[in-house]
Amino acid sequence: MKILKSKASSRLLLIAAMLLAHGRAPAQEGPQRLPAITLGAGMHLIQAEVAQTQEQRAIGLMHRPSMPTNAGMLFVFEDAGQQCFWMKNTLLPLSIAFIADDGSIVNITDMQPQSLDSHCSAKPVRYVLEMNQGWFAKRGIKAGAKLRGQPWPQ
């Protein structure tokens with residue numbers, strides 16, 4: 001999972017991508033595993049691994065062949081901004097929710113595996129949650145719904 005953020009971050013990611021393409025940067029070997037927290041969405045519980053460093057966010061859910069039904073990954077950014085994601089090296093179809101500081105979902109979109117199509121937040125956010133594709137829709141969770149748990153109020 002590559003993440004595009006501000007113009008400066010986009011330039012850095014472009015440089016990193018070019019280095020990877022030319023074999024000058026280390027390759028990611030298999031999926032990363034990060035500490036998880038429990039989030040709530042309505043009556044549903046989510047076990048979300050937390051990606052909070054630039055490196056963790058850049059790797060995201062890459063190279064995972066599967067993910068449990070109620071598992072996901074929460075991306076935490078230092079500052080609110082328009083967050084954009086793509087699916088290079090990501091094997092799973094995912095749904096992505098862009099989340100405001102109060103835990104309310106700004107927008108949700110579906111992403112296809114191995115795609116370089118960019119999916120962006122409709123407004124500046126600090127949090128992004130990726131789940132198996134269709135997870136939000138199957139549970140009737142839409143933009144405006146509020147998540148609870150760390151880092152949002154209960």
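Analyst: In this predicted model, ring pairs join F75, F77, F85 and F98 into a cluster. Residues are numbered from 1 along each chain as its sequence is written, and side-chain values use heavy atoms, without hydrogens and water. Local features need pLDDT of at least 70 and side-chain atom pairs count only at pLDDT 80 or more, while totals for chains, interfaces and linings use all residues.

User: How is a pair of aromatic rings described, and how many aromatic pairs are there by this rule?

Analyst: The distance of the centres and the angle of the planes describe such a pair. Rings of Phe, Tyr and Trp (its six-membered ring) pair if their centres lie within 6.5 Å; planes under 30 degrees apart are stacked, over 60 edge-to-face, and the rest tilted. By this rule there are four aromatic pairs. One of them, F75 with F85, is edge-to-face, at 4.9 Å centre to centre and 80° between the planes.

User: Which parts does the pair of F75 and F85 tie together?

Analyst: Strands are DSSP runs (E, at least two residues), numbered from the N terminus. F75 lies in strand β4 (residues 71–81) and F85 in strand β5 (residues 84–86), so the pair ties together parts that are 10 residues apart in sequence. F77 and F85 also form an edge-to-face pair, with 6.4 Å centre to centre and 90° between the planes.

User: Is F75 buried or exposed?

Analyst: Buried means under 20% relative accessible area, exposed over 50%, and partly exposed in between (1.4 Å probe, protein chains only). F75 is buried, at 0%. F77 and F85 are buried too. In β4, eight of the 11 residues are buried.

Methods:
Helices (H or I, at least four residues) and strands (E, at least two) are DSSP runs, numbered from the N terminus.
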